[in-house]
Amino acid sequence: MSSVDAGTDVRYMARALSLARRGLYTTDPNPRVGCVLVHDGEIVGEGWHERAGAAHAEIHALASAGPRARGATAYVSLEPCSHYGRTPPCADALIKAGVARVVVAMEDPNPAVAGSGLRRLQSAGIETVSGVLEDQARALNPGFVSRMERQRPYVRIKLAVSLDGRTAMASGESKWITGDAARLDVQRLRARSSVILTGIGTVVADDPSLNVRAFDIGRQPVRVVIDANLSMPADARMLSLDGVTLIVTASDDGDRSEELVNAGAEVLCLSSGVNSVDLVALMQHLARREVNEILVEAGATTCGALLRAGLVDELVVYMAPHLMGTAARGMFSLPGLEEMADRVPLRIEDVRAVGEDWRIVARPRPD
């Protein structure tokens, strides 16, 4: 039985989670993981997973500690892997280094691990503890957890709105609703995402780039356009940019598909049978492509369809201090809401100022 008090475990795990956050933009499709090695009350090594295909957090921490890892406690924000993937098993590395104790924030939801890493450590005589700051660890990797547990990515809708809840003028004009600080904050949301998803209406109206410009993260999120009728312009700006643009359609028009493929797009037909894209099938497809987090930057039609399909996990609303009037466009197309009982309930998670605007983070309440 360990003599380490719970407060000590929490303190060092908080440090491991802080290290894990350094990989917020770069580990995709892998989870963000941090590791701290402590011996006799002193941190002797630490590291974090920096990039998919590179060494895991435990390996960096062990290299930092060297021989001082023997007899140490390892604090890891996610259960050490026990299988060969892009890199060898971290559980084996910890055993070989002679650590005496391993504390993890959460078990790995990946079925390829799912407790086997901890069992391997225990079989080697190493004491293990699980569940220290688990909620914080899960919150750091919502997409990875969702993909492993629900077989779909985590979906986050971003909206820039006026104080009266409008996202564009009646003409479609929408630049710029919010200020510089809010737009930089959106770049951070893009940088952490695997996919930026929009609808064809937004592409036609704004010809957006939907890329990460403010930070060099070594990759670009995949751009996904929901385009039921293959109306995507072949000269759309995003088709000339680095990275992948995936057009998801309900149309079987081979000539239009070929034209868009020649312009640089991928085209995927996922019809629901009613001249619309099967959104559930799309999420399953993206999960198979190892997509963790999706940032939706779209108009009322796409946002409303995702919400009605029960596929929205989080709303991030940037509210600007001005009014745009009755004729301006709203946030969601939600037909059929006629009584108070029909409302879509949300839970407010966070409200804070971002420059001159306000950022509201909310999540749909479960039924």
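Student: In this predicted model, which residues does V102 touch?
Tutor: Leaving out residues up to four places away in sequence, V102 touches A74, P80, L94, L121, I126, E127, T128 and V129. Each of these counts as a contact because heavy atoms lie within 4.5 Å.

Student: What makes a set of residues such as the one around V102 a nonpolar core?
Tutor: The members must be buried residues of the nonpolar kinds, joined through side-chain atoms within 4.5 Å. The largest nonpolar core here has 40 residues. Those with the most contacts inside this core are M13, L37, Y75, L94, V99, V102 and L121. Helix α1, residues 6-20, supplies the largest share of this core, six residues. Another core lies apart from it, with 30 residues, including V224, L286, V291 and A298.

Student: How do you know whether L210 is buried or exposed?
Tutor: Its relative accessibility is 3%. Buried means under 20%, so L210 counts as buried. L210 lies in the loop between α8 (200-206) and β8 (222-226).

Student: And D40, is that buried or exposed?
Tutor: D40 has 74% relative accessibility. The cut-off for exposed is over 50%, so D40 counts as exposed. Its place is in the loop between β1 and β2 (42-48).

Student: What is the phi of D40, and what is the phi of L210?
Tutor: Phi of D40 is near 55°, and phi of L210 is near 50°. Both values are positive, in residues other than glycine.

Student: Which peptide bond is cis, and with what omega?
Tutor: The bond from D28 to P29 is cis, with omega near 10°. P29 is placed in the loop between α1 and β1 (34-39). Most peptide bonds are trans.

Student: Why is Q187 called buried?
Tutor: The relative accessible area of Q187 is 7%. That value is under the 20% cut-off, so the label buried applies to Q187. Q187 lies in helix α7, residues 180-192. Not counting residues up to four places away in sequence, Q187 touches N211, V212, R213, A214 and F215.

Student: Is V277 buried or exposed, and where is it found?
Tutor: V277 has 10% relative accessibility; buried means under 20%, so V277 counts as buried. V277 is found in the loop between β10 (266-269) and α10 (279-288).

Student: How far apart are V277 and D227?
Tutor: They are 50 residues apart in sequence, and 7.7 Å apart in space, C-alpha to C-alpha. Not counting residues up to four places away in sequence, V277 touches I226, A228, V248, T249, A250, L270 and S272.

Student: How many of the charged side chains are positive and how many negative?
Tutor: The chain has 40 positive and 46 negative side chains. The centres of the two sets lie 4 Å apart.

Note on methods
Residues numbered from 1 in each chain as written. Predicted model: local features only at pLDDT ≥ 70, side-chain atom pairs only at ≥ 80, totals over all residues. Heavy atoms only, no water. Buried < 20%, exposed > 50% of the residue type's maximum accessible area, 1.4 Å probe, protein only. Helix = DSSP H or I, 4+ residues; strand = E, 2+ residues; numbered from the N terminus. Lys, Arg positive; Asp, Glu negative; His and termini not counted. Charge placed at Lys NZ, Arg CZ, Asp CG, Glu CD.
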